[in-house]
Amino acid sequence: MSPEEFRAAGHNVVDWLADFLARPEAVKVLSRARPGELIDRLPASAPDRPESISAIMADFESQIVPALTHWNHPGFMAYFATSSSGPGILAEMLTAGLNVNGILWKTSPGLTELEQVTLDWLRQWLGLPPETFGIIFDTASTSSMHAIAAAREAKAPEVHAAGGVTDLILYCSEQAHSSIEKGAIAIGIGQKNVRKISVDREFRMDSAALERAITQDIDAGLRPFCVVATIGTTSTTSIDPVNEIANIAERFGMWLHVDAAYAGSAAIVPELQPLLAGWERADSIVMNPHKWLFVPLDLSVLYTRRPDILRRAFSLVPEYLRTQENPRALNYMEYGIPLGRRFRALKLWFVMRYYGRDQAAGMIRDQLAMAREFAAWIVADDRFEISAPFPFSVVCFRLKGPNEANETLMHKVNDGGDVFLSHTVLHGQFVIRLAIGNMATRREHVLRAWQRISENAPYNEAS
Ligand code: PLP
């Protein structure tokens, strides 16, 4: 591609994106695609002859975009809603254009050092201790797997060489994200050695039950090595009692990992920091700026105050990657599985600078306020009930009535095309979740979601 062709096509792409972001509601939020439909429409093999960018872009618009569910749509209120902000998108373009690879400090010093700088800036916003070390991975699932491997290294360093561990036990609540169990499976802890501790009425880990489980395992000759507390669980955004869990972890010499993949970003709002109290005591923390800090997918941060252990778990330097030692030249490849390292820090730097803490915190504050207002509408309507506390920007609610009625309601709302909600099951009950996290979502969109919910809900004569 010649520079001239690139320039012209690039301007078109930016125009396309600017139009798309200006009118995100021009598309349906939830794709109407049927399984296999796009596969059937596209050619079975790649072209032998070159095609023009304009032909590719035309197919992108006509074939690919309608087959997407649109996370940038302000009516996207499913799962955890996320945003790709303007500054983040521009930085992604630069990252692709530069295509630098931070396998070592030497292979792109600025990549490594910008990662160090931005993660330290973010650490300050989050109120974490100065000695905290940060590293970027793609997703929270990857970050947590690394944390669990570090926990194993701390408790059972012999496993590093010998493998074949069977007695290490990991604890998390029954509301913990599946990535914790997957991480434990991936590093050979074994699914049967993951204890899912019961939760209280507000879906928080029962710390007394945790302590009982640990004692039982020790009595049985097993080795408790890691406990994972969640701040902002996936179903309800409940907050485990982190300080109590930290006390237990300390008493039994276990690694404490805090999964704050979604809710960690809330700590940039000073008055919300008490909700995360105790996380500064964790050995490791995961939080995802791509979930709630307006950074485009993908960017997950693993923080740890024990980088020496993480490095012990993953450092393996073959001759062809050996470089001159210098205490200021950090080689991130020694702290995790991936060798290749995308320049993800650039988009975090762009986003943090463009919004600054005040504006970023302001957006999170507004989203919390919208969630509270939505919850008030639910409470005021006799047909509905709130299903869980809502400390952040996700509201779990349901129709008072059978699960089928709730499922039908959610599908009817989603079929409308301008709102997308998802669900969970709590105590055997089908519960609808409304998650606010997209920066394009305004009060009018939340109001519209409420109207769709209300008009599709069966009329209750008592109300
Ligand atoms: N942890 C929690 C609490 C989550 O809610 C999620 C996903 O929603 C994850 C981990 C996994 O995140 P990722 O998709 O970045 O792996």
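Contact here means heavy atoms within 4.5 Å. The model is predicted.

**Overall layout**

The protein splits into domain 1 (3-68), domain 2 (101-342) and domain 3 (356-456). The centres of domain 1 and domain 2, taken over C-alpha atoms, are 37 Å apart.

**Helix α9**

Helix α9 spans residues 207-219 and has 13 residues. From first C-alpha to last, α9 reaches 18 Å, close to the 18 Å expected at 1.5 Å a residue.

Which residues of α9 are buried? They are Ser-207, Ala-209, Leu-210, Ala-213, Ile-214 and Asp-217. These residues lie on the same side of α9, because they cover an arc of only 155° around the axis. They pack against β2 (168-173), β3 (194-197), β4 (223-230) and α10 (242-251). The face turned away from the buried side carries the exposed residues Arg-212, Gln-216 and Asp-219.

Now the two ends. At the start of α9, a side-chain oxygen of Asp-206 comes to within 3.0 Å of the backbone nitrogen of Ala-208. Gly-221 follows α9, and its phi is positive, near 85°.

**Around the ligand**

There are 13 residues around the ligand. Ala-140, Ser-141, Thr-234, Asp-259 and Asn-288 come nearest.

| Residue | Polar atom of the residue | Ligand atom | Distance |
|---|---|---|---|
| Ala-140 | backbone atom | oxygen | 2.7 Å |
| Asp-259 | side-chain atom | nitrogen | 2.7 Å |
| Lys-291 | side-chain atom | oxygen | 3.2 Å |

Note on methods. Residues numbered from 1 in each chain as written. Predicted model: local features only at pLDDT ≥ 70, side-chain atom pairs only at ≥ 80, totals over all residues. Heavy atoms only, no water. Domains from an automatic or database assignment. Helix = DSSP H or I, 4+ residues; strand = E, 2+ residues; numbered from the N terminus. Expected span 1.5 Å × (residues − 1). Buried < 20%, exposed > 50% of the residue type's maximum accessible area, 1.4 Å probe, protein only. Arc of directions from axis to C-beta. Polar contact = N/O pair within 3.5 Å; in protein donor to acceptor, adjacent residues only side chain to side chain. Near = heavy atom within 4 Å.
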